[in-house]
Every structure is written in structure tokens, then in C-alpha cells.
Amino acid sequence: MSSATIVNLPDPSTARIPKMNFLTRENGLLSWLLTGDHKRIATLYLISITFFFFIGGALAGLIRLELLTPQSDLMAADTYNKVFTMHGLIMIFLFLVPSVPATIGNFVIPMMVGAKDLALPKINLLSWYLYILAGGVMIYTMMVGGVDTGWTFTAPLSTHYLNTNVISAGLAVFIAGFSSIFTGLNFIVTIHKMRCPGMTWFRLPLFVWANYAASILMVLGTPVLAITLVLVILERTIHIGVFDPAYGGDPLLFQHLFWFYSHPAVYIMILPGMGVISEVISTFSRKRVFGYTAVAFSSVAIAVFGFFVWAHHMFIMGISNYAALVFSLLTMLVAVPSAIKIFNWAFTLYKGSITFETPMLYAIGFMGLFTIGGMTGIFLGATGTDIHLTETYFVVAHFHFVMVGGMLMAFLAGIHFWWPKWTGRMYPEKISQFAAVVTYIGFNLTFFPQFILGMLGMPRRYAAYPPQFQVLNVFSTAGATVLGVGYLLPVLYLTWSLRYGAIAGSNPWQATGLEWQTQSPPLTENFTEIPIMDHEAYDYEWLERQQAKEVASV
Amino acid sequence: MSQHAEPHSREAELHIVSPKVYVAVALSLLALTAATCAISYIDLGVFNAVVALAIAVIKASLVVLFFMHMKYSSRLIKLTAFAGLFVFLTLISMTMADYISRAWGRW
Ligand code: HEM
Ligand SMILES: [Cu+2]
């Protein structure tokens, strides 16, 4: 392989999109709204989360504009509080949590395991309806005046001191939680029960392993969030006294319950993305992922360890020093499986035939940015440094590196990677490579200065700041504009490609997953006959033999 | 739709529990409820909560084992239920670890 690209498209003069596919099978709005097809539900999800991403993005724009100057001049301080709260709630619960699993996962997991659909198609549709309901309640919350607790619903602020719309915001998150439980449940059942003949656990693509691990977190963790929110609502309405010391409650109990979900939730938000990266890195370096088993088990390890570290969000809140010590130690441990993944991807690249199509650019961006994000997590996990850094912009930079630099990059990598499968058409390569680079530059310009701001002591969640912090904030706001362009471009050219993109054929990347061995866009039933898995995952030699056979038989 | 593991799960689904078992479980649940009420009239000091919770756990176990068919389910389903229990115990025990040790070294 010496060519600079692996793209392998059918002859454009004769290529056609297959007449019969999941998009053309039935027409009309109802055929979409009542569908059980995982690919259609994934499409509905994709449109919905993109919508909320841009609402959340607009709010982010407002935050950055306000922070352009040291005074709180664009909006009043309490409006600012509402804006960053709504930004966090929408981005986390309506975008990042469902981003990769409910769209890409929904679309490819059944195909990757060689099944016709997810195990519970109606539950899958229900999950989307719950998501829409949650989105509706969230928009309602915003229209009647929003909420200003921070996305963390911090008690006793949320239970006593604020008169904003805590209840409807809590309800929206509660409903979104069930939507994500149903997605997770569906994945678990599908991966256990619907694998095609020959598809053993260790032949599953790593994307499936990563989503399996995330599903475990969704199913086991999210109920705790639901309970916590119900308790907040009850405390607020009838003062049941679980969080209020005046009634014998304890505000720290809220923190325990909330972070018991929300730390695992950060892994819900990254594991599926790591799955995408495994697929992309392997495909564009033409090599089996180095240490397949280690990468697979590291996903499960992250899921399990993820439950034992939550109190690292509470180091300065007055928890026991001894508990803090133990949680700090466990936090260091949870970084190990993440590092295993990064090292294994790096070794996959080593001596691979690397090409730099757009998904690969995003994947490489992920590797760099997630590493920085994860390592700064270690700073924060050390009790000593955390005392200085907590509640500063350092934390903001940390989690944006992992969530935006990590998960969002992975999401975009995945969307570009599976776009040809999804729509049957290629996205335009040059402009999308450009967009990937723009995102990378914009991202670093936006969030790197925030590490420095945090180190210097700028607190998070304030509309105003001392004037000496302005220069770095201007950098950050400027970067956000660049980043905005980087996100707008894909929407434009992907929409364009729906009509004008080159016909992709079934396997433009010459990838090995089962989803690439069927037509694009796939049939409603995915395969004409149930596939039989007779080789290991990422076996590029098998693919070559397969293609040689096809050529010979034509 | 699914291929392997089919016979196994069918078997689990079709396991028939005789009405006798259900009636016995229902009666024990009622008896335990009565016990909870009765004991609430006796002051056991620190054991008040312990006893009430112990009875509640026994009742919940009966419901899960018989009414929810856990007793007749495959190992995978048992493991799933156990995972939930494990996570719950993690939440309680590690939170308690904080509460118990909060005042250590501060008196
Ligand atoms: C790789 C290992 C990681 C470690 C050791 C780590 C550690 C930490 C620590 C100690 C904090 C608390 C900082 C403070 O409030 O003082 C924190 C905050 C946070 N982390 Fe991480 N983290 C890691 C990965 C991630 C990932 C993968 C995500 C998300 C995808 C994430 C998202 C967050 C968020 C959202 C917060 C802030 C929550 C808030 O207060 O609003 N972290 N992290
Ligand atoms: Cu955490």
C-alpha cells in the first residue's frame, strides 16, 4: 500500500445507490415516527441531537461573549448563571450522553454483531420519544426563565435558595435518564443474544465492547441520578429533609448521590467515543488494533473502576480526610485503563500504512486532546493540587478537553467514518479535512488558555473577573469563534453531500467490520442472509482474499 | 431472530411455578408485614432500624426470587440482578465510609 489514500469507490459513471434500502423502503412521516428500524431511529436521533447541539452551542457563544470583558456587561450576573447552567444541561444530557451510542451505536451495533435489528426495537423507539419529551421539557424550562443551579443541581442551592425552574429542569433530566437507560439495556441484550454464528466475544469490533461497557454504566448508574433528582424535587416541594440540615438531612449526601452517577456518566460520555477511535485507527492504518484483548478489557475496567472514584468531586466539601485519601488513590487507578487504550492505539499506528482521511484526522486529534484532558484529571485527582485548582477554570478546561476534545472529536470522526454507509454517499474530502483542522486549532485556542487561567486562580461560574485575566479570555473567545466555524462546516457539507456526494459503494474504506460487507445504505434487514463470522476482527488479509474472490467471480 | 442461547432462555421463560408456591410466598409476605407492625410496638433501642430493615430485605428477596422468577432464571440473569445489588452496596458502603470517618482525628 503506497498510495496516499485507501478510498475505493465504484466507477462513478455506472455506480448507483441501491434502489431498495432502509431510507427508501417506506415513505411518509408516519413510516419514520412509528419505525422499529434501528437505522431510522438512529437517523431521528442524529437530527435531534444536532438540533440540541446547536442550541447548547449558541449558549456557549453567549458565555464566551460575556467573558470577553471583565465586567458583567452583556448580561446580568443571574442571567449568566442561567446561561451556563442551560448550556451544561443541554450539552451533557441532550447531546453528549446520547451522542455516539444513540446515533452511531444504534446504527452500526446490530450490523457489527450480524443481526437484523436491536433486540428490542419498540424500546428503542420509546427511548427516542423519551428523549424528545426530555428535550421538550428542557426547552419549556428555558422559555419560562431557565434554571441557575449549575448542571450539578447543587443542594441546598437547588432545594432552598433559588426560585428558578429547578423542578422542570430536574424532570427533563429525569426523563432523559430513562431514555439512556433504555438505549443501554437494548445494547446489552443485543450484544448478549443477537450475535451471528461465529461471532464470539473476542471477535466483536472494539466499538461494540466500548458501547457494552458504557451500557453497563447507563443501566446501573442512571437510576441513582433519577432517585437523586426525585429527592431534590421532594425536598424542594415538601421538605422531606434528606438534604436540609434543619430537618436532619445532609447536603453532602446530595453530593454523594449525584456524583455516584455523574462520575460514571463521564465515562458514558467517553467510552463510546473510544470505541469509534479504535475502529478508525485500525482502518486507516490497515492494522489489527494492537492488544485487542487489553483494549476490550480496559473498557470494562473503566466501567467497573468508574464506580469507585466519585468523591474526587468532593475533596474540598468537608468529606472525611481518610475517605478523600482512598478516593484519590482510586482515581489514579482509573486513569490506567485509559492510558492502556492510548498506548495501544499508538502501537497500532506504529508501522501501519497510515492515511489521513477526515475520520483519521479527528481520531489523531482525539488522541492528543484526550491525553491532555486525562492527565490534567490526575492533577485534579491529587488532593493537594485539587485544593488549588478546584472550582477554577482549570476544571473547566479539563472537562472540555475530555468532552469536546475527546468525545465530540470522536463523534465527528464516527459521523464521517460511517457517513458513506449511512447515506450511500461520500462527504467531500478536502473541505472536511479542512474543517477537522479548523476544529483542532479552534479547540486549542479556546480551551488551552483556560488551564492557565485556572492555574492563576480565575474561578468558574462568575460573569465578571479581575481585569488581569482579560487577555487569556479574549484568546478563548476568539478560539470559540473559530471552533464555531469548524462545527458549522460539517453541517453544511454533509447536507450538501446527501445530494451531490460521490456514490460510496458498500466499502469505501476497505474496512473489515460486518457493516461494511453489506450495501450502503443498508437494507432494512441489514443483510440479505445472516452473516457467518469466520475470521477475527480487523483481519485485513481476510478482506483481501474476499475481494480477490469477488473479482475472480465477476 | 436470535440464534444461539435460544433453547436455554426458552426453558427459563417456560418454567411453570405452581400456584401453591405463589400462595405460600404471598402468605409469608403478609406474615412479615404483620411482624414489622408488631415489632414497631416493642422498643429495641439501636436494633429498631436493624430489625425493620432485615425484615424488609427478606421480603424483597422473596419477591425477587419467586415473583420475579429470579430463582428459575439463567445464570446471566442472576448475574445482572447481582450487578445491581453490587452497585447499590458500593454506593452505601463507600458513602458510609465517609460518614464514619469524618470526625476522626478531629476531637
Ligand atoms: C482519565 C481520567 C480522569 C480523571 C483522573 C479525572 C479526574 C477529575 C477530577 C478529580 C475532577 C474534579 C475536579 C474538581 O471539581 O475539583 C474532574 C472533574 C470533571 N471531569 Fe474528569 N477525570 C478524568 C476523565 C474525565 C472524562 C473522560 C470526562 C468526560 C468525558 C471527565 C469529565 C469531567 C467533568 C465534567 C468534570 C467537572 C464536573 C463539574 O464540577 O462540573 N473527566 N475530573
Ligand atoms: Cu469524576
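Which backbone nitrogen does the side chain of T190(A) reach, and at what distance? The side chain of T190(A) reaches that of A119(A), at 2.9 Å. The close-ups below take this residue and a few others in turn.

This is a predicted model, in which local features need pLDDT of at least 70, side-chain atom pairs count only at pLDDT 80 or more, and totals for chains, interfaces and linings use all residues. Residues are numbered from 1 along each chain as its sequence is written, chains are lettered from A and ligands numbered from 1 in the order in which they are written, and side-chain values use heavy atoms, with hydrogens and water left out.

**View 1. T190(A) in helix α6 of chain A.** Helix α6 covers residues 166-193; helices are DSSP runs of H or I with at least four residues, strands are runs of E with at least two, and both are numbered from the N terminus. T190(A) has a relative accessible area of 0%, so it is buried (buried means under 20%, exposed over 50% and partly exposed in between, with a 1.4 Å probe and protein chains only). Beyond residues up to four places away in sequence, T190(A) touches V113(A), D117(A), L118(A), A119(A) and R195(A); contact means heavy atoms within 4.5 Å.

**View 2. T518(A) in a loop of chain A.** The loop runs between α16 (470-500) and α17 (540-553). T518(A) counts as buried because its relative accessibility is 9%. Its side chain reaches the backbone oxygen of N526(A) at 2.6 Å.

**View 3. T24(A) in the segment before α1 of chain A.** Helix α1 spans 29-33. With a relative accessible area of 38%, T24(A) is partly exposed. The side chain of T24(A) reaches the backbone oxygen of K19(A) at 2.8 Å. M143(A) is 119 residues from T24(A) in sequence and 37 Å away in space, C-alpha to C-alpha.

**View 4. S48(A) in helix α2 of chain A.** This helix takes in residues 38-66. S48(A) is buried, at 8% relative accessible area. Setting aside neighbours within four places in sequence, S48(A) is in contact with W128(A), Y131(A) and I132(A).

**View 5. The largest cavity.** Rolling a probe the size of a water molecule over the atoms shows where empty space is left. The structure holds five cavities of 30 Å³ or more, and about 80 Å³ of space lies in the largest. A cavity here is a set of points, on a 1 Å grid over the protein atoms alone, where a 1.4 Å probe fits but cannot get out, and lining residues have an atom within 4 Å of a point. Of the 13 lining residues, P205(A), T512(A), G513(A), A537(A) and Y538(A) lie nearest the centre of the largest cavity.

**View 6. The helices of chain B.** Chain B has four helices and zero strands, in the order α-α-α-α from the N terminus on. Of its 107 residues, 19% are buried.

Definitions and conventions
1 Å grid on protein atoms, 1.4 Å probe; cavity = no way out; pocket = protein on both sides within 12 Å on 5 of 7 lines; lining within 4 Å. Points joined across faces, edges and corners; volume = space filled by probe spheres on them. Polar contact = N/O pair within 3.5 Å; in protein donor to acceptor, adjacent residues only side chain to side chain.
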